[in-house]
Amino acid sequence: MRKLLLVPLFLLSYLPSFAQYELEINNIRARNEQNGLLFNNTMEFEGGFEAPIDSAMHTFYAFNLWVSGLNSASNPKAYGTKFLQSTGETNRFGPMMDSIYYETENDIWDRVWNISREEIENHISNYDIAGYVLPEVIENWPAHGDISKGQAANLAPSIDVDGNGTYEPTLGDYPSILGDQAIYSIYNGERFNENMTPMGIESHVMTYAFDCDEQLENVIFLYAKHYNRSNTSYSDSYLGFYADLDIGNYANDSILTDVD
């Protein structure tokens, strides 16, 4: 298994509520879909990056991470989507795995993990106290995959208190996140649209924000890891993103990257 790119920019069957998809802290409400689409509400066909919060104004309609590269035959390959509302254009939920398990595992991975630092700190202090109720998101944090099904052994970041290599929240283990609230998602591009050939890439994305003073009240952070789970090595690889901005007139919005 080879890690392709690392870029700082964000089990029981479980159907999360609408709010579970939203990063809601400080002055921004940002929606994260389990299939990798960010800042879009696919249920309502509208933007999902509300700024300022409760204003009904969305500065993004959609946002998605893209990866491209050349295979050993110098043929270009790409991994990325736009809206995920078009027929046949979609990612698979969860990590890469043996194909026979994708449908049976679908309900397990058809979600995001929305968690706060307050929940984690409360768990650390009270996990061994009688009457403590373990939050679902901590109980079912996807720290490890099932290697018997072809999933990677290590998935979402977590703290293994006793160092035994097993995620056991009832014994004090807990998720490791950035910021004061975070949403974690895992998806891959093995099911894709007719215009792109799958690259065998698995994406782990964490969006997060801090509950602090005005310096960061309008800031959302994005941390992403892309793993090459295929048997193909890629050269001339690029990481970028698709951004559909809606600042006033959607037809004249631009975006700038400060490389330095």
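A polar contact here is a pair of N or O atoms within 3.5 Å, where, within protein, one atom must be able to donate a hydrogen and the other to accept it, and residues adjacent in sequence count only if both atoms are side-chain atoms. The model is a predicted one, in which local features need pLDDT of at least 70 and side-chain atom pairs count only at pLDDT 80 or more, while totals for chains, interfaces and linings use all residues. Residues are numbered from 1 along each chain as its sequence is written, and side-chain values use heavy atoms, with hydrogens and water left out.

Select glutamine 181 to begin. A polar atom of its side chain lies 3.2 Å from the backbone nitrogen of glutamate 24, and the side chain of glutamine 181 also makes a polar contact of 3.0 Å with the side chain of asparagine 114. Glutamine 181 belongs to strand S13, strands (E, at least two residues) and helices (H or I, at least four) being DSSP runs numbered from the N terminus. With 11% relative accessibility, glutamine 181 counts as buried, a word used for under 20% relative accessible area, with exposed over 50% and partly exposed in between (1.4 Å probe, protein chains only).

Now show the whole protein chain, which has three helices and 16 strands and in which buried residues make up 45% of the 260 residues.

Next, colour the largest nonpolar core, which has 26 residues, with Trp109, Ile115, Trp141, Ile177 and Tyr184 having the most contacts inside it; such a core is a set of buried Ala, Val, Leu, Ile, Met, Phe, Trp, Tyr and Cys residues joined through side-chain atoms within 4.5 Å. Two or more residues of this core come from each of H1, strand S10 (113–116), helix H3 (136–139), strand S13 (181–188) and S14, and S13 gives the largest share, three residues. Apart from this core lies another, of 25 residues, among them Leu65, Val67, Met199 and Ala209.

Returning to tryptophan 141, display its contacts (heavy atoms within 4.5 Å): not counting residues up to four places away in sequence, tryptophan 141 touches residues including Trp113, Pro157, Tyr167 and Tyr184.

Phenylalanine 49 is buried at 9% relative accessible area, and phenylalanine 60 is buried at 14%.

Phenylalanine 210 and phenylalanine 221 also form an edge-to-face pair, 5.8 Å centre to centre with 85° between the planes. Phenylalanine 210 is partly exposed at 28% relative accessible area, as is phenylalanine 221 at 24%.

For the last stops, select arginine 92, whose charged end sits over the ring of tyrosine 102, 4.0 Å from its centre; the criterion is that NZ of Lys or CZ of Arg is within 6 Å of the ring centre and within 35 degrees of the ring normal. Finish at threonine 104, in the loop between strand S9 (92–93) and helix H1 (106–109), which is exposed at 58% relative accessibility and has a polar side-chain atom 3.1 Å from the backbone oxygen of tyrosine 101.

Conventions: Phe/Tyr/Trp six-rings, centres within 6.5 Å; stacked < 30°, edge-to-face > 60°.
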